[in-house]
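Subject: Structure handover

Hello,

Here is the structure you were expecting, with its sequence. My notes on it follow below.

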Amino acid sequence: MNRKTDWRPWLIVAMLLSISLVIAYQYVQHIEIPTVEARRQLQQSILDGNAESPYRYRVLVPYLTHGLEAILKLIKPGDTFKLAYAIYDTLAIFASLTALFYYLRNWFSQSASLIGALIAAVSMLVGFRDHYYQPWSLLEPATIALGLHLIYHKKFGWLAGLIAISTLNRETGIFLAAAYFFPWVLPNPFKTIRKEKWKDWLVGLALLLIWALIFWGLRLVLGEAPHIITVKESLGISIQPQNLLLALRQWILFLGIFWLFIPLGFKAAPSFVRKMAWLIPAYLVVIMFYAIWFEVRLLMPLYPVLIPIGLAYLFPSEPV
């Protein structure tokens, strides 16, 4: 594969930061400012430990932005809530696009990887709909892309720390723990044991244990909370005819024509990427029962899985 450098690294970073600023500006203007008081109330309920489930347990971003507010008040006393979130939005989007870019660089050129990051950036604009406070979703693509990068390079110590952080952000940290098994254990599970590579099983089980300890630990420390919406209620909303049509429109718009490249590029995709495709059905089953189907921001964690498969069709000579 041709690894010729097309641009200096600082230029790539500058481009991704510039794009992130544009996306964050749109997010602040269209989501955060019109709903600022509702956002403020929900964050405070999380900080106070009395929010409904699952928001009560998604503590990472509320505490990060609360700390950032405290720092900003030292510089500019007053209401810094909107400014703190504008900074967070920019950094989270930048982290997600940058992590995705460098994950794609494991197999694709700078040009192809940048195209993949830009596809994700454009689709974020579709994901802005239908919520007023879901800041963890902006960070999820970064944790998933970085996690898969660490799995690919077998950096399991760093992966353990990332799973802990991502579980404090949202429950989907379990998918990073599960993803470890796809390339290193599941292809030949019994052969793995016979070849005395049982350590791979122990590592995977340890990663799942880290997720479970934090997931249940949060519930033990913060207490049980009623669910903001039940499975029956979410399914009832999703299957309403007008909402099914909205979901169809949103899903199509999310990746547009790029959806067609994903099945076409599967065979040409790198072996590691194909194995990670097991995340797609697992994640979609969760969305089917625990989410509102037209909220396509929930598809953003799948960027590191979907985009390299589609890129393999567009750039078939590049993957190794």
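I will begin with helix α1, which is where Val28 lies. Please keep in mind that this is a predicted model. Val28 has a relative accessible area of 14%, so it is buried, the cut-off for buried being under 20%. In sequence Val28 is 55 residues from Leu83, and the two C-alpha atoms are 9.5 Å apart in space.

Leu21 also has its place in helix α1, which covers residues 9–32. With a relative accessible area of 46%, Leu21 is partly exposed, because that class covers whatever falls between under 20% and over 50%. For a distance across the model, take Leu21 and Lys154: they are 133 residues apart along the chain, and their C-alpha atoms are separated by 33 Å.

Next, the salt bridges. The count comes to 7. One of them joins Arg40 to Asp79, with the closest N and O atoms 3.0 Å apart. Arg40 sits in helix α2 (residues 36–48), while Asp79 is in the loop between α3 (60–75) and α4 (81–104), so this pair ties together parts that are 39 residues apart in sequence. The two partners fall into separate accessibility classes: Arg40 is partly exposed at 25% relative accessibility, and Asp79 is exposed at 52%. Asp79 is put in the exposed class because the cut-off for it is over 50%. The pair also belongs to a network of salt bridges that links Glu37, Arg40 and Asp79.

Another salt bridge is formed by Asp130 and Arg129, where the closest N and O atoms are 3.2 Å apart. Here Asp130 is partly exposed at 26% relative accessibility, and Arg129 is partly exposed too, with a relative accessible area of 37%. The side chains of Glu295 and Arg297 meet in a salt bridge as well, at 3.1 Å from N to O. In that case both residues are buried.

Now the surface. Val231, Val285, Val286, Met288, Phe289 and Tyr290 make a nonpolar patch of about 540 Å². Which helix gives the most to this patch? It is helix α16, residues 279–290, with 5 residues. Val286 is found in helix α16 and is partly exposed, its relative accessible area being 36%.

The largest pocket has a volume of about 1000 Å³. It is lined by 38 residues, and those closest to its centre are Pro54, Arg58, Arg170, Glu171 and Tyr290. Two or more lining residues come from each of α8 (173–179), α11 (198–222), α12 (231–238) and α16. Helix α16 supplies the largest share, 5 residues. By type, the lining divides into 23 nonpolar, 7 polar and 8 charged residues.

Regards

Note on methods. Residues numbered from 1 in each chain as written. Predicted model: local features only at pLDDT ≥ 70, side-chain atom pairs only at ≥ 80, totals over all residues. Heavy atoms only, no water. Patch = residues over 30% accessible without salt bridge, like charges linked within 9 Å, V, L, I, M, F, W, Y side chains within 5 Å. Areas by Shrake-Rupley, 256 points an atom, 1.4 Å probe, with all protein chains shown as cover. Salt bridge = Lys/Arg side-chain N within 4 Å of Asp/Glu carboxyl O. Helix = DSSP H or I, 4+ residues; strand = E, 2+ residues; numbered from the N terminus. Buried < 20%, exposed > 50% of the residue type's maximum accessible area, 1.4 Å probe, protein only. 1 Å grid on protein atoms, 1.4 Å probe; cavity = no way out; pocket = protein on both sides within 12 Å on 5 of 7 lines; lining within 4 Å. Points joined across faces, edges and corners; volume = space filled by probe spheres on them. Nonpolar A, V, L, I, M, F, W, Y, C, P; charged D, E, K, R; others polar.
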